[in-house]
2 protein chains.
Amino acid sequence: MKSTSKGPSVQWGPGISPSRDEPRTLAGQVARQLRLDIIRHKLEPGERLQFDKLSKRYEVGVSPLREALFQVAAQGLVVAEDHKGFVVAPIHLDEMMDVSSLRAHLETYALSGSIRDGREEWEVDLLSAFHRLKRAGIAVSVDQEDENLRTEWEDRHREFHFALCKGCGSPWLLHFFNELYDQMERYRRYFWKYAERAVAADSEHEAIMRAALDRDEKRATDLLQAHFRRQAKLTLSLRNKVQRAVSATG
Amino acid sequence: MKSTSKGPSVQWGPGISPSRDEPRTLAGQVARQLRLDIIRHKLEPGERLQFDKLSKRYEVGVSPLREALFQVAAQGLVVAEDHKGFVVAPIHLDEMMDVSSLRAHLETYALSGSIRDGREEWEVDLLSAFHRLKRAGIAVSVDQEDENLRTEWEDRHREFHFALCKGCGSPWLLHFFNELYDQMERYRRYFWKYAERAVAADSEHEAIMRAALDRDEKRATDLLQAHFRRQAKLTLSLRNKVQRAVSATG
DNA sequence: AGAAATTGGATTTTCGAAAATCTTGACAAG
DNA sequence: CTTGTCAAGATTTTCGAAAATCCAATTTCT
């Protein structure tokens, strides 16, 4: 799935390192799948990642496995301890708050940059990203229980928020955005396991986009902040349910 | 070198993953050394990192080497391309500007957080970090050419800036700080190869610290911003010399 | 001659087994 | 009863060689 843009983009910066799309080595493929499995709770937080089990699961030897684990560990989704192996990063509500607030700050900062420096290509990308998000939202609303549609919407949601930031032209800022978004998505999905699905407020997304395209920095960032505050509040309200559910099962 | 603080600190967050201090596996040790060798230009930007050569250099097999390379690649100090190997991340002046400005923003943000939330332990750490920086600065001024003293000062300098941020209590923000600082230090040392040594302005550091300890957020962040602007200006003036030097040799 | 296919050597990637380390539980000593 | 030591099994880490891929130069075909 290549970007529709044809520009050469920048040739430097982070994230170019391990080819993110379509890795052509076992290590890269396992790393990709591992990320997904952790974010989507196919592997549970705190779970030990033993080589013989993972070896069977992904059908690869230990060499590519270790390399994959180190990649994902550097991202903070797994924790490595010398001579004791790897563990899926545990869930900590404090960490979620940290990730959440830092992400809000960085994304606001990036959006300001986009509005100031974003070129026409950015506007087009943003519009198309919103369009796809909207379509996915409609699909989800038809069948709220379909896991695939839900995942589809999650992907479009990430791409929309990424599109907001993309115009800032700072590869490092976008790299950090991605890292934080991976973390955040894992936490969000964690809550979903215990709570009814929250209905997406695509109207908020549209308002943010319009303000951004109007180059109204203050209004756009204010709306984005409000968007985050609302999400945070909603998440907090799920917190109790989760804690009850966790203490009941474990 | 453990921190002087005895508090348990947080048990979550990034950076805890690959044990940063005193790794007890070959992979970890090589990763540590590789980072240093790249930051300190013992390995040159753009240089190919071939396994048989690195194998001799660090006296380890390919397995720990690959694992180390993936760790450092995730940090952006080396670039990996499938089936073509690893390369020391090239130098790009554009990237340096990106890293520099983002680092300035994040550090200012972190300092604000420290001033608002920093506890007494933070104040003590900051004071002691400044004290060590000052001592190192005096040592350097005695013998400007001693590479070890220069490196010592660099380490104290990093620890001082880290101490400024530490009180904010956001592991993820501190993690990003570290990543950006590694990048920045490499670029700074790159310029040092071509230019006379700049004398450190520890008076600026002291002023920033005083304002921070006085919990004067506006003054502290203003001073910090001025500090960065001055550094940026100084760096820019070196840029021409570097470009001349590079075009002469390459 | 120019383009496409091919071959050989260099390099990366992966595997399977050996070496090193950790964990557990039994046993002995204080 | 607690503490410390030691072996056995389990697991991680590392090595050395096999397999796969890439690169450049040569050959082959048009």
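Student: What makes A:Phe86 buried in this predicted model?

Tutor: The relative accessible area of A:Phe86 is 4%. Buried means under 20%, so A:Phe86 counts as buried.

Student: And why is A:Phe51 called partly exposed?

Tutor: A:Phe51 has 22% relative accessibility. Partly exposed runs between the 20% limit for buried and the 50% limit for exposed, so A:Phe51 is partly exposed.

Student: How do you know that A:Phe51 and A:Phe86 form an aromatic pair, and what makes the pair edge-to-face?

Tutor: Their ring centres are 6.1 Å apart, and rings pair if the centres lie within 6.5 Å. The planes make 85 degrees; over 60 counts as edge-to-face, so that is the name for this pair.

Student: Which parts of chain A does the pair tie together?

Tutor: A:Phe51 lies in helix H2 (residues 51-58) and A:Phe86 in strand E3 (residues 85-88), so the pair ties together parts 35 residues apart in sequence.

Student: Why is the pair of A:Phe176 and B:Phe176 called stacked?

Tutor: Good one! Here the centres are 3.9 Å apart and the planes 25 degrees.

Student: How do you know that the charged end of A:Arg186 sits over the ring of A:Tyr187?

Tutor: The charged end is 5.8 Å from the ring centre, and the distance limit is within 6 Å, together with an angle limit of within 35 degrees of the ring normal. In chain B, B:Arg186 lies over the face of B:Tyr187, at 5.8 Å from the ring centre.

Notes: Residues numbered from 1 in each chain as written. Chains lettered and ligands numbered in written order. Predicted model: local features only at pLDDT ≥ 70, side-chain atom pairs only at ≥ 80, totals over all residues. Heavy atoms only, no water. Phe/Tyr/Trp six-rings, centres within 6.5 Å; stacked < 30°, edge-to-face > 60°. Helix = DSSP H or I, 4+ residues; strand = E, 2+ residues; numbered from the N terminus. Buried < 20%, exposed > 50% of the residue type's maximum accessible area, 1.4 Å probe, protein only.
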